[in-house]
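Take a walk through this model, one region at a time.

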Amino acid sequence: MNISDHYGLLAWLLLTGSTSTALAIFTWTRRASRGAKRFGWVSLIGGIWALFLLAEILTPDMPGKIIWNDLQTIGGFVPPLFFFFVLEYTDRSGWLKPGLIAAFLLPPLLTVISAFLDFPPGWTRAAPRLEDSTALLPLVTFEYGPWSIVAMIFSVLVMVASLALLFDRLLYGAKIYRLQVTSLILGILLPSALNLALSARFPGIPILSLFPLTFPISTLISGWALLRYRLFDLAPIARAALLERMADPVLVLDNQLRVIDLNQPAQNLLGTDLERAFGQTFDHTLPLGLAGLLSFARGTDERVELALGSPPLTYEVTRSPLSRNRGQLLVMHDISAQKALQSALQTSEERYRLLVENGNDGIGLVQDQRFRFVNPQLAEIIGYTIQEMEGQLFQDFIAPERREDVLGFHKKRLRGESVPFQYMLEVVHKSGQRLTLDLSARVLYIEGQPAVLFFARDVTEQVKTARLLEESREQYRDLYFRAQQDATEHKRLYALQSATLEAATDGFLVISLDGNIVTYNSQFVSLWNLPANWLQYPTRAERLELLARQVQNREEYLVRVQELFGNPEMESLDIIELADGRVFERRTVPYRMDNEIVGRLWNFRDISERKRAEHTEQAYRELLEARAKETEILKQVAETLNQVLPPARALEVGLKIVAEQIHATAGWFLILEPSGEATLSASYRLPPSLAKLKEDNCPWGICRCLERMLGGDLKSSDAEILGCQRLEESEELPKNLQHHVSIPVQASGRPVGMLNLVVPAERKFDATEMRLLEAFGDQFGGAVERARLFEHTQRLAITDGLTGLYNRRHFFVKAQEEYERALRYNHPLSILMIDVDHFKHVNDEHGHQTGDLVLKQVAESCRKALRQVDIIGRYGGEELVVLMPETAKDAAMQAAERLRESIVSLQFPNINKSLCVTISIGVATLEDTIELERLLDRADQALYQAKDFGRNQVKIWTEGVESSASG
């Protein structure tokens, strides 16, 4: 065989070697990308394999050919190296353990060694000979031994495994990567098919010897994939990490900030889809309102809060690195509602803090036996700073001898056992001084854990005075008996008694049984504002009147005094409220000498401050309880309205919670539509008469409260209690339930509705409750805005933006449902395919804006001329499609002709009086069991017949016979 006869094949082999080597060099420049190095080795060995085959052909002598043929056994490394590349490309590089790599490379290595050493003899091949002139090329052929067969089977199985992994990626991978995988599969299958064909044509040469001839095909396909689909730059590295069904937007970027993947919420936020954004740098994909997201993607922070979109919403954006540091995954969670609630709670907490920090009493909060809160007044009483007290054990500040008792009280109180609410407690001042505190304590629950809130007042001086008085009483008893024996000693002791009484802060008065004043101190005169001559009043009744006229309940006071004087042995502790607002604690006991009652001792203490402290404590407690309840209600309503429910259902549940919290008998929520009409969106126990108005589509816009809000009579966010004509006319409601609370509802500064709750006429709301109602209105406004956004998004997803008809995708969804129903019940079904005649001429002569107006008018005419049950969609360009359920051939033709005539009569005075538009219609009817696509194709064929016959016609598809109606 003459070599010159095969210059074309030799040039082809030279091209194979050079192309494969160039591809190996190119992939080496991308070696940092996943799979690039392994693919480069495949290309390099394939090129060398082709060059060795070229050398074998050009070598004239038999020994030289055998050497070059032995070198060609390195081609056995191509299948395992390609398998290693496929494992890494399909994200299974974890399989590439040293043991697996060695096991796959061992068979081709043994083949190369056995071929060069020919050991064992005949194990690999034997009896070399030069192929005769009938072969494709002058190549050496052998009788192949058992190991050659094993090596060939091993290579085929490895390539089959590679194809299986690629087909798995093709079937279950993301759509955007399937063209990459398809190119790799073709790079394997096409050369293999050509090898089989050549081997069948030239049976003397084995398949492995011919493989280098077809290797350029695989090289070209792979090179095209490198350039066209950026095989290594944009490998599918992130789809397993992306949760497509997450409600939060999720973005995946590679290390060059190129978009690798987006879920649907992220596509909605960015205003693009995955196919347009794929492979683009992030800054080219972002709209103007999301520039802050680019800065975060370029930075190193793991979490950030950003205001994104228009109107801006607050998102918590988190970053997660992809495995092996191949990129990053950004997840954005909408926390706008939580931010608004936090702001409201901060305002409430600030008001409470001002009350606590500016009160007169010391306030402390103990949880887990440690101070969790201390107000400045308590810290000042004990002599420490707030920082020194908070976090410390509360028993460390108590007098040592009382610690065990107080700690026992504390534990019993937390367990719910009965312990004193108010008691005296000795504490140790920072200076070491002992103080006596008047303490009152209550149990609260904070974050689900019990805590003790207490109010403290320093009564050290009062206790000292009381103790001194008790000591004086003992002294008085001794002085009385000694006075009978020694008048001089009596006078001395009496002077001591008087001095002691004068030093006391309480008012004291001792009266004998016959009504004479035995003794008193100046504090008694000062407390009662007695005149200087009060002792000159001759009788006890006149002196008693001086006191009684200052008491709020004079008669009750006098009766009680007379009762005490009538029962000398009676002891009493009473609270007296004076007309000037002061409060006295009055204690009286029999005054005894030598176990004989000789009079009555009266002790008066001004406890006005203590009473005010108790009132303050009660107010604090009620405020805490109201705030906790208010926060819990707002949280419950907010969680309900923010749940992923149908919007109408969320409003129903939210209305029920609000109505039950304020004990409303009924309620309803009116939504103000963009058209200006108000509709009933949700109701709670609606009376039948009002429910009937809902069924009759009564214009709820006449509601007086809603009219007042729209007219500007009501402030935008103030709740009011109003009468209602409908409630007055309702026979189901009692007459004392003829009022309702009207809460204006706004969203983004615009009125969107009115929340109405029916309450008894005598029901009163304080400022806190009214503020809570207004907060309900704010939450319902946010829910309405989210519901409208949800409905708008759904409508955009299924309609064509120009004509308002169903878009092509949603038309096919609806059409498939009707098609299956028609087949199931054997009902008639027809399809109209509509095309605007000479529409290109309209665009060219009058402009594309006029063309858009013409399409809108044609779509509107279709809606008016056809039935509501007919499904109309924009098929593409100026083509419309109509699916007509329950419509046979004749009815479909009549409807099509009626539609054609309505379009002919269209006029466009605002565009061009001379402009006339016609349409052509193709009709197809479901007469046998064919697929929906086939039925559409028949309607399309009929449409083309209508155009071919001169346009402005209706044609119906039939089997070999056409029927038409022309205008």
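Leu251 has Leu330 in β7 as its bridge partner. The two strands involved, β3 (residues 250-254) and β7 (residues 327-334), pair in the antiparallel sense over 5 bridges. Two strands count as paired if DSSP finds at least two bridges between them. Strands (E, at least two residues) and helices (H or I, at least four) are DSSP runs, numbered from the N terminus. This is a predicted model: local features need pLDDT of at least 70, side-chain atom pairs count only at pLDDT 80 or more, and totals for chains, interfaces and linings use all residues. Residues are numbered from 1 along each chain as its sequence is written, and side-chain values use heavy atoms, with hydrogens and water left out.

β3 and β7 belong to an open sheet of 5 strands, ordered β4-β3-β7-β6-β5 with antiparallel pairing. β4 (259-262) and β5 (303-308) stand at the edges with a single partner strand each, so one side of each has no neighbour in the sheet.

Now turn to the aromatic rings. The structure holds 17 aromatic pairs (Phe, Tyr or Trp rings, the six-membered one for Trp, with centres within 6.5 Å). Phe83 and Phe104 have ring centres 5.1 Å apart and planes at 5°, so they are stacked (planes under 30 degrees apart). Phe83 lies in helix α4 (residues 78-89) and Phe104 in helix α5 (residues 98-117), so the pair ties together parts 21 residues apart in sequence.

How values were computed:
Rings of Phe, Tyr and Trp (its six-membered ring) pair if their centres lie within 6.5 Å; planes under 30 degrees apart count as stacked, over 60 as edge-to-face and the rest as tilted.
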